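Student: I would like a close look at one part of this protein. Please take me through it step by step.

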Amino acid sequence: MSRARTVVPPALLVLVVVALVTSGIRPYDRLTWLLETIWVLVGVPLVLATWRRFPLTTLLCCLLAAHALILVVGGHYSYARTPVGDWAREAFHLSRNPYDRLGHFAQGFVPAILVREILVRRSPLRGSRWLAPLVVCACLAFSALFEMIEWWAALAGGAAADDFLATQGDVWDTQWDMFLALVGAIASLALLSRLHHRQLPADAPPGTAVAALAARTGLSPKP
């Protein structure tokens, strides 16, 4: 096991936990903070619980940590009020704080590698030409689910949910969110698939769906 493989995941875990705890200190709105960071609050224990059976690649760990930081910053300030977004609005003469656009781009960019890793290691899709289209479809499905969650939050919370929705008066915000997730997923696969492939195990681990299929058919998974 390489030194990076030994050091990087624990270091990223510490960074994310510290950022999460810090973001929870006097956030702009406690409910907004909870709604935005719930993915981190659930995701970190889930990764830890499954690590022995399904250790993630270093690339995926880095991407998940970066996404977690985006979420906790947005949760602390609210997406429409993040200082870096305000700076970008002034610097590029934008009509709105663009931080939520970054968040939705990441909502496609990061899950694309997560879904790719799960499908390659736990399904017969390794080496299949259907892998990339199905990854993109999964990311779009998740983006649509998130938009439904925002809709339910708006129905339940009314005006109190505005900070979570972060529409900033844009009537096309939902469409922009899903479009950016689509662009993020496609960009992630185009830029990172080769690097990701090099970090994945050469063969399917024993007991996975790929290994079971190979055993039944007498074929080995494609590299």
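Student: In which helix is Leu192 found? Please also describe its surroundings.

Tutor: This is a predicted model. Leu192 is found in helix α8, which covers residues 173-199. Start with the whole chain. The protein chain has 9 helices and 0 strands. Along the sequence, the pattern reads α-α-α-α-α-α-α-α-α.

Now zoom in on the residue. Leu192 has a relative accessible area of 14%. Buried means under 20%, so Leu192 counts as buried. For the chain as a whole, 40% of the 223 residues count as buried.

Next, look at the contacts. Leaving out residues up to four places away in sequence, Leu192 touches Leu59, Leu63, Phe109 and Ile113. Take Leu59 as an example. Leu59 and Leu192 are 133 residues apart in sequence. In space, their C-alpha atoms are 8.9 Å apart. Among contacts with a separation of 6 or more, 74% join residues 24 or more positions apart.

Residues 58-79 are 91% helix and 0% strand, with end C-alpha atoms 28 Å apart. Residues 102-119 are 100% helix and 0% strand, and there the end C-alpha atoms are 26 Å apart.

Finally, the surface. The protein chain exposes about 12,500 Å², and carbon and sulfur atoms supply 70% of that area.

Methods
Residues are numbered from 1 along each chain as its sequence is written. This is a predicted model: local features need pLDDT of at least 70, side-chain atom pairs count only at pLDDT 80 or more; totals for chains, interfaces and linings use all residues. Side-chain values use heavy atoms; hydrogens and water are left out. Helices (H or I, at least four residues) and strands (E, at least two) are DSSP runs, numbered from the N terminus. Buried means under 20% relative accessible area, exposed over 50%, partly exposed in between (1.4 Å probe, protein chains only). Contact means heavy atoms within 4.5 Å. Accessible areas come from the Shrake-Rupley method with a 1.4 Å probe; for residues, only the protein chains shown count as cover.
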